[in-house]
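Visitor: I'd like to learn how to read a protein model feature by feature. Could you walk me through one?

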Amino acid sequence: MHCSIRQLDLHDKARIISISADGELGRRIRDMGLVTGTEIEVVGRAPLKDPVAIRLRGFTLTLRNNEADHITVEKLEPAR
């Protein structure tokens, strides 16, 4: 199932499929390490669901929903 990071629930794991942001926002997103193939996990959300905290490559990053909407992910199945 493909969706944006905003649509993931707490503790969901996913792999980045694509980034649709262009220009400065697209560059900034990629500079933060959010590139195709990167696996992420949602580790927190603010009370009003914005921003979202994600864990990737050993660090935690927070994104506003308007940034997270540009990142399409494929939800990974939980480990059994």
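This is a predicted model: local features need pLDDT of at least 70, side-chain atom pairs count only at pLDDT 80 or more; totals for chains, interfaces and linings use all residues.

Visitor: Let's begin inside. How many residues does the largest nonpolar core have, and which have the most contacts inside it?

Guide: A nonpolar core is built from buried nonpolar residues whose side chains touch. Here the largest one has 19 residues, and those with the most contacts within it are Ile5, Leu34, Ile40, Ile54, Leu63, Ile71 and Val73. The elements giving two or more residues to this core are the strands β2 (13-19), β3 (39-45), β4 (52-56), β5 (59-63) and β6 (71-75).

Visitor: Can we zoom in on one member? Which residues does Ile40 touch?

Guide: Leaving out residues up to four places away in sequence, Ile40 touches Ile5, Leu8, Asp12, Lys13, Ala14, Ile16, Leu34, Ile54, Arg55, Leu56 and Val73. Among these, Ile5, Leu34, Ile54 and Val73 also belong to the core residues with the most contacts.

Visitor: Now the strands. Is β4 mostly covered or mostly open?

Guide: The general idea first: in a regular strand, side chains alternate between the two faces of the sheet. In this model β4 is mostly covered, with 4 of its 5 residues buried.

Visitor: In which sense does β4 pair with β3, and in which sense with β5?

Guide: The pairing of β3 with β4 is antiparallel, over 4 bridges; Glu41 stands opposite Arg55 of β4. The pairing of β4 with β5 is antiparallel too, over 5 bridges, and there Leu56 stands opposite Phe59 of β5.

Visitor: What sits between the strands of each hairpin?

Guide: In the β3-β4 hairpin there are 6 residues between the strands, and Lys49 in the turn has a positive phi of about 70°. The β4-β5 hairpin has 2 residues between its strands, and Arg57 in that turn has a positive phi of about 50°.

Visitor: On to charges. How many salt bridges does the structure hold?

Guide: As a general idea, side chains of opposite charge can pair when their charged atoms come close. This structure holds 8 salt bridges. One of them joins the side chains of Arg6 and Asp69, at 2.8 Å from N to O. Arg6 lies in the loop between β1 (2-4) and β2, and Asp69 in the loop between α2 and β6, so this pair ties together parts 63 residues apart in sequence. Arg6 is partly exposed, at 38% relative accessible area, and Asp69 is partly exposed as well, at 35%.

Visitor: Where do Arg27 and Glu24 lie?

Guide: Both are in helix α1 (residues 23-31), 3 residues apart, about one turn of the helix. Arg27 counts as partly exposed, at 41% relative accessibility.

Visitor: And which parts of the chain does the pair of Arg28 and Glu67 link?

Guide: The side chains of Arg28 and Glu67 meet in a salt bridge at 3.0 Å, N to O. This pair links distant parts of the chain, with Arg28 in helix α1 and Glu67 in helix α2, 39 residues apart. Arg28 counts as partly exposed at 36% relative accessibility, whereas Glu67 counts as buried at 10%. Elsewhere, salt bridges with shared partners join Arg15, Glu39 and Glu74 into one network.

Visitor: Is Asn65 buried or exposed?

Guide: The cut-off for buried is under 20% relative accessible area. Asn65 has 6%, so it is buried. Asn65 is found in helix α2 (residues 65-68), and a polar atom of its side chain lies 3.0 Å from the backbone oxygen of Lys49. Setting aside neighbours within four places in sequence, Asn65 is in contact with Arg6, Arg45, Lys49 and Asp50.

Visitor: Last topic, the backbone. Which peptide bond is cis, and where is Pro51 found?

Guide: The bond from Asp50 to Pro51 is cis, with omega near 10°. Pro51 is found in the loop between β3 and β4, and that loop is also the place of Lys49. Lys49 is exposed, with a relative accessible area of 52%.

Visitor: What is the phi of His11?

Guide: The phi of His11 is near 75°, a positive value in a residue other than glycine. His11 is found in the loop between β1 and β2, and is exposed with a relative accessible area of 52%.

Notes:
Residues are numbered from 1 along each chain as its sequence is written. Side-chain values use heavy atoms; hydrogens and water are left out. Buried means under 20% relative accessible area, exposed over 50%, partly exposed in between (1.4 Å probe, protein chains only). A polar contact is a pair of N or O atoms within 3.5 Å; within protein, one must be able to donate a hydrogen and the other to accept it, and residues adjacent in sequence count only if both atoms are side-chain atoms. Contact means heavy atoms within 4.5 Å. A nonpolar core is a set of buried Ala, Val, Leu, Ile, Met, Phe, Trp, Tyr and Cys residues joined through side-chain atoms within 4.5 Å. Two strands pair if DSSP finds at least two bridges between them. A salt bridge is a side-chain nitrogen of Lys or Arg within 4 Å of a carboxyl oxygen of Asp or Glu.
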